Amino acid sequence: MAKVYVSADARRKAFRKLKTHRDNQVCFDCPTRNPTWASVTFGIFVCLDCSGTHRSLGTHISFVRSVEMDEWTQPQIDAMRLGGNKNARAFFQQHGIADLKTTKKYSIRGAQLYKAAPAAVNPKPSPSLSGDEVHLDARTRT
């Protein structure tokens, strides 16, 4: 089955909204401002230089796309909405992997847990926040 991509206008609108969040305005892996690339796998925004590092890890670890040039499917955009730099940073800090080198950070068990998180979470909008933010309520699968 062929992939169905969202229109360029829908993609631009979605990313413009996602980039209004302060945490998404800085590369997840370095202090570069206004990242224009993203790891769909981890739902994070990264700069051009860090996107190269992610690409070198292989698509089985981190699948990277340009938020401005590449086509995106709706599930990929949804992954970015559920992820975001803030959620990923909190998870990585909680598991003690936030300060590791990029090449190691994404291939260890903690990162693999985060990568698998969308299948194990129940996204719930918080009533105290605007509808733009989604909080992930991790639940143990039995």
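1. Helix H4 of this predicted model spans residues 84-94, and its buried residues are Gly 84, Asn 85, Ala 88, Phe 91 and Phe 92. Looking down the axis of H4, these buried residues fall within an arc of 135 degrees, so they line one face of the helix. Gln 93 and Gln 94 lie on the other side of H4 and are exposed. Just after the helix comes Gly 96, with a positive phi of about 70 degrees.

2. The next point is the core. The largest nonpolar core has 18 residues. Those with the most contacts inside this core are Phe 28, Phe 42, Ile 44, Val 46, Phe 92, Tyr 106 and Tyr 114. At least two residues of the core come from each of strand S2 (44-46), helix H2 (48-57), H4 and helix H6 (109-120). H4 gives the most, with three residues. As a general point, nonpolar side chains in soluble globular proteins tend to be buried together.

3. Val 46 is worth looking up in the structure. Setting aside neighbours within four places in sequence, Val 46 is in contact with Cys 27, Phe 28, Asp 29, Pro 35, Thr 36, Trp 37, Ala 38, Ser 51 and His 54.

4. Which elements cover them? H3 is followed by Gly 84, whose phi is positive, near 90 degrees. Gly 84 is also one of the buried residues of H4.

5. How many aromatic pairs does the structure hold? There are nine aromatic pairs. In one of them, Phe 42 and Tyr 106, the ring centres are 4.9 Å apart and the planes are at 55 degrees, so the pair is tilted. This pair links distant parts of the chain, 64 residues apart: Phe 42 sits in the loop between S1 and S2, and Tyr 106 in the loop between helix H5 (102-105) and H6. Phe 42, at 2% relative accessibility, counts as buried, and so does Tyr 106, at 0%.

6. Another pair is formed by Phe 91 and Tyr 114. Their ring centres are 4.9 Å apart and their planes are at 50 degrees, so this pair is tilted. It links Phe 91 in helix H4 with Tyr 114 in helix H6, 23 residues apart in the chain. Phe 91 is buried, with a relative accessible area of 18%; the cut-off for buried is under 20%. Tyr 114 counts as buried at 7% relative accessibility. One aromatic cluster is formed by Phe 28, Phe 42, Phe 91, Phe 92, Tyr 106 and Tyr 114.

7. The cysteines need a careful reading. A search of the whole structure finds zero disulfides. For Cys 30, the nearest cysteine sulfur is that of Cys 47, 3.7 Å away, and Cys 30 is in no disulfide. Cys 30 counts as partly exposed, at 22% relative accessibility, whereas Cys 47 counts as buried, at 5%.

8. The last point concerns Ser 66, which is found in strand S3. Is Ser 66 buried or exposed? At 2% relative accessibility, Ser 66 counts as buried. Its side chain reaches the backbone nitrogen of Met 69 at 2.9 Å. With neighbours within four places in sequence left aside, Ser 66 is in contact with Thr 36, Trp 37 and Trp 72. Thr 36 and Trp 37 are also among the contacts of Val 46.

How values were computed:
Residues numbered from 1 in each chain as written. Predicted model: local features only at pLDDT ≥ 70, side-chain atom pairs only at ≥ 80, totals over all residues. Heavy atoms only, no water. Buried < 20%, exposed > 50% of the residue type's maximum accessible area, 1.4 Å probe, protein only. Helix = DSSP H or I, 4+ residues; strand = E, 2+ residues; numbered from the N terminus. Arc of directions from axis to C-beta. Core = buried A, V, L, I, M, F, W, Y, C linked by side-chain atoms within 4.5 Å. Contact = heavy atoms within 4.5 Å. Phe/Tyr/Trp six-rings, centres within 6.5 Å; stacked < 30°, edge-to-face > 60°. Disulfide = S-S within 2.5 Å. Polar contact = N/O pair within 3.5 Å; in protein donor to acceptor, adjacent residues only side chain to side chain.
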